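User: I am new to reading protein structures. Please take me through one, feature by feature.

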Amino acid sequence: MKQESAASNTPPASQSPTPSAQFPRNDGDPQALWIFGYGSLVWRPDFAYSDSRVGFVRGYSRRFWQGDTFHRGSDKMPGRVVTLLEDHEGCTWGVAYQVQGEQNPGYLGPAPEEAIATQILACRGFSGHNLEYLLRLADFMQLCGPQAQDEHLAAIVDAVGTMLPCFCPTEQALALV
């Protein structure tokens, strides 16, 4: 198979490098979610969507470096599917899909921080407690993205901190968190 030149992965020079040119805006819809497909989603999105746009993401290259034992292979013979590799010179083309809140049954929508905190404190799933998810995300942001301001995340952590004594009244229980 003929090797394609690097230029084929490069967006046209007329494309502006601003984020609005690379990624669709949600046009003010707070329930809109954009999902960027760079592998099988470009030809087979398995979810409902209201809009799709071909586009690109700068700073990443697509590589067949991910093993797959479910969709494209087995435990004995893993198939290969694509993953993204950080590459400052790279540009990956794909399709962005807009999913509206009503099309995404998992979308819960906005809620007061206290309500979100209450739900996080009360929920547990197969991968663990929802509180662990919140705290690990907050730890990651503090360690790896200290310059990033995520006011929503900070407000949820603060609300959980305020409510935690109500859920875990003993010092021994608090030590577990």
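User: What order do the three strands of the open sheet have, and is the pairing parallel or antiparallel?

Analyst: Start with the general idea. Strands of a sheet pair through backbone hydrogen bonds, either parallel or antiparallel. Here the open sheet has the order 1-3-2, and the pairing is antiparallel. Two strands pair if DSSP finds at least two bridges between them. Strands themselves are DSSP runs (E, at least two residues), and helices are DSSP runs too (H or I, at least four), numbered from the N terminus.

A word on the source. This is a predicted model, where local features need pLDDT of at least 70, side-chain atom pairs count only at pLDDT 80 or more, and totals for chains, interfaces and linings use all residues. Residues are numbered from 1 along each chain as its sequence is written, and side-chain values use heavy atoms, with hydrogens and water left out.

User: Which strands are the edge strands?

Analyst: Strand 1 (33–37) and strand 2 (51–68) are the edges, since each pairs on one side only. Neighbouring strands in this sheet are turned by 50° against each other on average, direction ignored. Axes are lines fitted to C-alpha atoms, for helices over the stretch in contact, and angles run from 0 to 180 degrees between N-to-C directions.

User: How many bridges join strand 1 to strand 3, and how many join strand 2 to strand 3?

Analyst: Strand 1 and strand 3 (residues 79–99) share five bridges. Strand 2 and strand 3 share 15. Find some partners on screen. Ile 35 has Tyr 97 of strand 3 as its bridge partner. Phe 36 stands opposite Ala 96. Gln 66 faces Val 81, also in strand 3.

User: Now the helices. At what angle do helix 2 and helix 3 pack?

Analyst: Two packed helices are described by the angle between their axes and the distance between the axes. Helix 2 (residues 113–122) and helix 3 pack at about 120°, with axes 6 Å apart. Helix 2 brings Gln 119, Ile 120 and Leu 121 to the contact (heavy atoms within 4.5 Å). Helix 3 brings Asn 130, Leu 131 and Leu 134. Four of these residues are nonpolar, two polar and none charged. In this scheme Ala, Val, Leu, Ile, Met, Phe, Trp, Tyr, Cys and Pro count as nonpolar, Asp, Glu, Lys and Arg as charged, and the others, Gly among them, as polar.

User: Which residues of helix 3 are buried?

Analyst: Leu 131, Leu 134 and Ala 138 are buried. Buried means under 20% relative accessible area, exposed over 50%, partly exposed in between (1.4 Å probe, protein chains only). Seen down the axis of helix 3, the buried residues fall within an arc of 65°, so they line one face. That arc is taken from the directions from the helix axis to the C-beta atoms. On the other side, Tyr 133, Arg 136, Leu 143 and Cys 144 are exposed.

User: Is Val 160 buried or exposed?

Analyst: Val 160 counts as buried, because its relative accessibility is 4%. Val 160 lies in helix 4 (residues 151–167). Leaving out residues up to four places away in sequence, Val 160 touches Ala 117, Leu 121, Leu 131 and Leu 134.

User: What pattern does the whole chain follow?

Analyst: Along the sequence, the pattern is α-β-β-β-α-β-β-α-α-α. That is five helices and five strands. Buried residues make up 24% of the 177 residues.
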